[in-house]
Number of protein chains: 2
Amino acid sequence: MTETAPGSAEPPTGTPAGERRSDRTRAAILTAARERFAADGYERATIRAIAADAAIDPAMVMRYFGNKEKLFAAAAEFDLRLPDLSGLPRDQLGVVMIGHFLNRWEGDETLMALLRASVTNEAAAERMRQLFADQLGPVIAKLNGDGSDTATRAGLIATQALGLALCRYVLALPPVAALSRAAVTAWLAPTFQHYLTSAAPADSPL
Amino acid sequence: MTETAPGSAEPPTGTPAGERRSDRTRAAILTAARERFAADGYERATIRAIAADAAIDPAMVMRYFGNKEKLFAAAAEFDLRLPDLSGLPRDQLGVVMIGHFLNRWEGDETLMALLRASVTNEAAAERMRQLFADQLGPVIAKLNGDGSDTATRAGLIATQALGLALCRYVLALPPVAALSRAAVTAWLAPTFQHYLTSAAPADSPL
DNA sequence: ACTGTTTGCCAACGATTGTTGACTTCGACG
DNA sequence: CGTCGAAGTCAACAATCGTTGGCAAACAGT
């Protein structure tokens, strides 16, 4: 075995804070990758372009992440950071929810990369599925006493949250992109509130 | 000029119904193109694969449509076929709206092709923008007396309609894909109703 | 100063893509 | 039958992509 994967073996006594020189380039690659994946999607974001943005050689990307799939997997790790909503007044759940989503969308381009890629890349789609199932699901479960419709409510939230992101940030539909943050909140909060707290429809088989 | 674009000049006296032989292959190309664009998106849908599905040579696609962009433009022409809603009971607008969208999504894969492509292709995104502006806008305008918030309401409808399609058909989020048509209608109708008929929020600058 | 590892660059491969031009076949009309 | 345009086939081009292996420079430990 003569594999040379940067960062695989620890240096006996390296820089004081244990920081390797490769850590910075590794981070630069990830940042550039997120930008490109967010702007161009999975297939149009080329390794060559990502390497150029990070000011390194394309071959380095391969040495650090193996292949394009693994690079995306590393760049698309994301945490929704949903707070515990069980202590809030029930009629404010919708407002808090939409506010949190707007924050996460505008402060980190990882979600944009994930959304753009998930439409044409199966691995990215699976990531998106697990994101709402594993991170949003439990929060809703704690809210509604873990009813059998928890997953359904999480899915409904996803339709409105992703639909807003798609129209506002990706497609940039003029009327949606022009809305102020306050206007978005005022319009969408009732929808989130509905999906979170309304009783399940009678004719729903689930 | 020795251009040879099939169907550019009429045959003096052709087949009785004016049907050219090229019309069938032209239609076959368009059908195959819609399938591929809908399943793979713009970049992953190759002209070679489309030609193979249509059982012809890739060069024919170029002769019939010029290039890939024009092929997509021809394959992605779409009419929402929205009915006039001005005669309906106001409290049923949401139900009718979601029902019509479900019909259009499931009966024609053009919308799917348009959605998948619009995330990474600018021309497709522009198509999507004009779809909701030119076809949905006027219908809402006739409903609400042509208020200044017509475009906003059309945009809000787009967020929920496209978000549902994204989660249900493209990403196939299990909880959303598993919902029956009745359940989808029951859950989403109030949302559409809200965007169509609720008074504009007070703190909205538009 | 010597040695081994880490980090990086360069050149190239094989595959695939959109696209083009020349050539062949079909069908209708005189 | 001969002619002419439409319809279709074939081979190839240039560009771009992900990916690989070999080699040079920087660095650390002895």
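Q: Which helices of chain A do the buried residues of H4(A) pack against?
A: This is a predicted model, in which local features need pLDDT of at least 70, side-chain atom pairs count only at pLDDT 80 or more, and totals for chains, interfaces and linings use all residues. Residues are numbered from 1 along each chain as its sequence is written, and chains are lettered from A and ligands numbered from 1 in the order in which they are written. Helices are DSSP runs (H or I, at least four residues), numbered from the N terminus. A residue is buried if 20 or more other C-beta atoms, placed from the backbone, lie within 10 Å of its own. Here the buried residues of H4(A) pack against H1, H3, H6 and H7 of chain A, where contact is defined by C-beta atoms within 7 Å.

Q: Which residues of helix H4 of chain A are buried, and why are they on the same side?
A: An α-helix has 3.6 residues a turn, so residues three or four places apart point the same way. In helix H4 (residues 68-75) of chain A, the buried residues are Leu71(A), Phe72(A) and Ala75(A). They cover an arc of only 95 degrees around the axis, which puts them on the same side of H4(A).

Q: What does Phe37(A) touch?
A: Leaving out residues up to four places away in sequence, Phe37(A) touches Tyr42(A), Ala45(A), Phe72(A), Ala75(A), Ala113(A), Arg116(A) and Ala117(A).

Q: How many residues of chain A are in contact with chain B?
A: 45 residues of chain A are in contact with 45 residues of chain B. H8(A) gives the most to the side of chain A that touches chain B, with 14 residues. By class, that side has 27 nonpolar, 12 polar and 6 charged residues. Ala, Val, Leu, Ile, Met, Phe, Trp, Tyr, Cys and Pro count as nonpolar, Asp, Glu, Lys and Arg as charged, and the others, Gly among them, as polar.

Key:
Contact = placed C-beta atoms within 7 Å. Helix = DSSP H or I, 4+ residues; strand = E, 2+ residues; numbered from the N terminus. Buried ≥ 20, exposed ≤ 12 C-beta atoms within 10 Å, placed from the backbone. Arc of directions from axis to C-beta.
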